[in-house]
Amino acid sequence: MNGKLSLAAAHVLVHSGDIFAASGLIKLIKLYRPSLKVYHIRRAEEMRQVKNNRLRLVVGIATDATNVGDMSHLFDNMRKENANLPCVLLGDSGNSLLSALFPEIPVMGLNASMTEIFEFLASHLARKNRLPQRRTTTTPLLTLRQREVLRMLACGASAQQVSDSLGISLKTAY
């Protein structure tokens, strides 16, 4: 989005295939916190330039234009490099798929007010070097294997492709 800003200097990384949603969020963040450097990436490959030492928050925006596999890859890699890095997700509030795919990442609905969205983001920015809050359910919504199948299906793989790739029966992939 901002060609002059080096990704290495970013404080907030916004991942979204939807340029309009990303630019709206970036304007919102800059309105409330002009000192933050915000950078937008569309694909997970672009994150190679990220220097995690300055990064304070990763925000994923899930819309119809979102590649769920890319988003999953981004969150996984960011957390591998810095397990304490807060990651949040903005998406359809009624989308249980997002909660199932990313059970450890807090989700806020895109239909919330600007103030609510900023307060949500600010609360995670304030927790810079603290462990991110985890959901406190006694059992996860889906097992790791079920999430793996769901991610592949959400990324457009057919049940046959999932079956072949994961070595499971076709019936299980359905």
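A nonpolar core is here a set of buried Ala, Val, Leu, Ile, Met, Phe, Trp, Tyr and Cys residues joined through side-chain atoms within 4.5 Å; buried denotes under 20% relative accessible area, exposed over 50%, and partly exposed the range in between (1.4 Å probe, protein chains only). Helices (H or I, at least four residues) and strands (E, at least two) are DSSP runs, numbered from the N terminus.

The model is predicted, and local features require pLDDT of at least 70, side-chain atom pairs count only at pLDDT 80 or more, and totals for chains, interfaces and linings use all residues. Residues are numbered from 1 along each chain as its sequence is written, and side-chain values use heavy atoms, with hydrogens and water left out.

Five strands form an open sheet in the order β2-β1-β3-β4-β5, with parallel pairing (two strands pair if DSSP finds at least two bridges between them). From one strand to the next, the twist averages 25°. Strand β1 pairs with β3 (residues 57-61) over four bridges in the parallel sense, and Val-58 of β3 is the bridge partner of Leu-13. Strands β3 and β4 run parallel and are joined by four bridges, with Gly-60 opposite Leu-89 in β4. Three bridges join β4 to β5, also in parallel; here Leu-89 has Val-107 as its bridge partner.

Strand β4 is mostly covered, five of its five residues being buried. Cys-87, Leu-89 and Gly-91 point one way from this strand, whereas Val-88 and Leu-90 point the other way. Helix α1 lies across β1, β2, β3 and β4 (87-91) and runs at about 170° to β2. Helix α4 (residues 114-125) lies across β1, β3, β4 and β5, at about 165° to β4. Axes are lines fitted to C-alpha atoms, for helices over the stretch in contact, and angles run from 0 to 180 degrees between N-to-C directions; contact means heavy atoms within 4.5 Å.

Ser-16 is located in the loop between β1 (12-15) and α1 (19-32). Ser-16 counts as buried because its relative accessibility is 0%. Residues up to four places away in sequence aside, Ser-16 touches Ala-22, His-40, Ile-41, Arg-42 and Ile-61.

Two aromatic pairs are present. Rings of Phe, Tyr and Trp (its six-membered ring) pair if their centres lie within 6.5 Å; planes under 30 degrees apart count as stacked, over 60 as edge-to-face and the rest as tilted. Tyr-32 and Phe-118 are stacked, at 4.3 Å centre to centre and 15° between the planes. This pair links helix α1, which holds Tyr-32, to helix α4, which holds Phe-118, 86 residues apart. Tyr-32 is partly exposed, at 34% relative accessible area, whereas Phe-118 is buried, at 11%. Phe-75 and Phe-102 form an edge-to-face pair, with 5.5 Å centre to centre and 85° between the planes. Phe-75 lies in helix α2 (residues 68-81) and Phe-102 in the loop between α3 (96-101) and β5, so this pair ties together parts 27 residues apart in sequence. Both Phe-75 and Phe-102 are buried.
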